[in-house]
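Subject: Handing over the structure

Hi,

Here is the structure I promised to pass on to you. Please open it first, and then read my notes below alongside it.

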Amino acid sequence: MVRIQRRWKTAGTAALGTAAALVGTLLGPGSAAAAIDLSYEVSGTAHVVKMNADIPVEGVIDVQLSPTGEFTGKFRQTNVPRVKFKAFGAFDSEVDVEFFEAAPSHGKIENGQVDFELPLQIRLQNVTALGVPIGGGPDCVQQQPPSLVLKSTTPFVPAEGGELASAPYELSEWSEGCGPLTGLINMNSTGPDNTAEVKLTHVG
């Protein structure tokens, strides 16, 4: 889940249903329309079916928004969560989960709705089972990074933010950089129907 939140008391903010309206408001009358830079705080969770775990997502996304509503973004994680789960449904296990962009993200804001594609690479660090290290490391990443397709679940106001949810996505097998027990890690994490819910909050 990605969260972007900020309260605005300025009259008329709720009427900013399109990116073009926002750009015009910020530039002022008579100004030539141009792309603007916006920053959002991201918070939420990603649910991994095979792990039966919700992974906290905390970060910032910097967006360059054009008058047409199209945008490009740059996501960066601000906190790496330590996630607890049950390996094979029985064994207490933990892992540090890092997220970063596999490629530039992009999308469009139109009539208060956001369509957003975020190619996201995932790295596993310090994987343990019953307290015993079993893998992970700087090269322990997805062989095929998933691309999250996110859409608005609430009206999105560029000067405030909104909530988004992903279509189901699949986690591929992990790279051999995860260590000699990569097969065990694969059995406990890969597969389809994973989801994410996020909220974006405007911060600058």
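The chain holds two helices and 12 strands, where helices (H or I, at least four residues) and strands (E, at least two) are DSSP runs, numbered from the N terminus. Along the sequence they follow the pattern α-β-β-β-β-β-β-β-β-β-β-β-α-β. This is a predicted model, in which local features need pLDDT of at least 70 and side-chain atom pairs count only at pLDDT 80 or more, while totals for chains, interfaces and linings use all residues. Residues are numbered from 1 along each chain as its sequence is written, and side-chain values use heavy atoms, with hydrogens and water left out.

Some overall values to begin with. Of the 204 residues in the chain, 49% are buried; buried means under 20% relative accessible area, exposed over 50%, and partly exposed in between (1.4 Å probe, protein chains only). The accessible surface of the chain is about 10100 Å², and carbon and sulfur atoms account for 55% of that. Accessible areas come from the Shrake-Rupley method with a 1.4 Å probe, and for residues only the protein chains shown count as cover. Among contacts (heavy atoms within 4.5 Å) between residues at least 6 apart in sequence, 63% join residues at least 24 apart.

Next, the strands around β5. Strands β4 and β5 pair in the antiparallel sense over six bridges; two strands pair if DSSP finds at least two bridges between them. Ala-87 stands opposite Phe-91 in β5. The hairpin of β4 and β5 has three residues between the strands, and Phe-88 takes a positive phi near 55 degrees there. β5 also runs antiparallel to strand β7 (residues 113-129), with eight bridges joining the two, and Ser-93 is found opposite Ala-129 in β7.

Phe-85 lies in strand β4 and counts as buried, at 12% relative accessibility. Beyond residues up to four places away in sequence, Phe-85 touches Met-51, Ala-53, Phe-91, Asp-92, Ser-93, Glu-94, Val-95 and Asn-188. Lys-86, also in strand β4, is partly exposed, with a relative accessible area of 43%. The side chain of Lys-86 makes a polar contact of 2.4 Å with the side chain of Asp-92. A polar contact is a pair of N or O atoms within 3.5 Å; within protein, one must be able to donate a hydrogen and the other to accept it, and residues adjacent in sequence count only if both atoms are side-chain atoms. The C-alpha atoms of Lys-86 and Met-51 are 6.8 Å apart, although the two residues are 35 residues apart along the chain.

In strand β5, have a look at Glu-98, which is buried, with a relative accessible area of 18%. Its side chain makes polar contacts with the side chains of Arg-123, at 2.7 Å, and Gln-125, at 3.4 Å.

Now to the charged pairs. Side chains of opposite charge can pair when their charged atoms come close. A salt bridge here is a side-chain nitrogen of Lys or Arg within 4 Å of a carboxyl oxygen of Asp or Glu, and by this rule the count comes to eight. In one of them, the closest N and O atoms of Arg-76 and Asp-62 are 2.7 Å apart. Arg-76 lies in strand β3 (residues 70-77) and Asp-62 in strand β2 (residues 53-65), so this pair ties together parts that are 14 residues apart in sequence. Another salt bridge joins Arg-82 and Glu-94 (2.9 Å, N to O). Arg-82 is in strand β4 and Glu-94 in strand β5, so the pair links parts that are 12 residues apart in sequence. Salt bridges that share partners join Arg-82, Glu-94 and Asp-96 into one network.

Lastly, the surface. Phe-88, Phe-91, Leu-130, Leu-181, Leu-184 and Met-187 make a nonpolar patch of about 560 Å². Patches are made of residues with over 30% relative accessible area and no salt bridge: like charges are joined within 9 Å, nonpolar side chains (Val, Leu, Ile, Met, Phe, Trp, Tyr) within 5 Å. Phe-88 sits in the loop between β4 (82-87) and β5 (91-101) and is partly exposed, with a relative accessible area of 47%.
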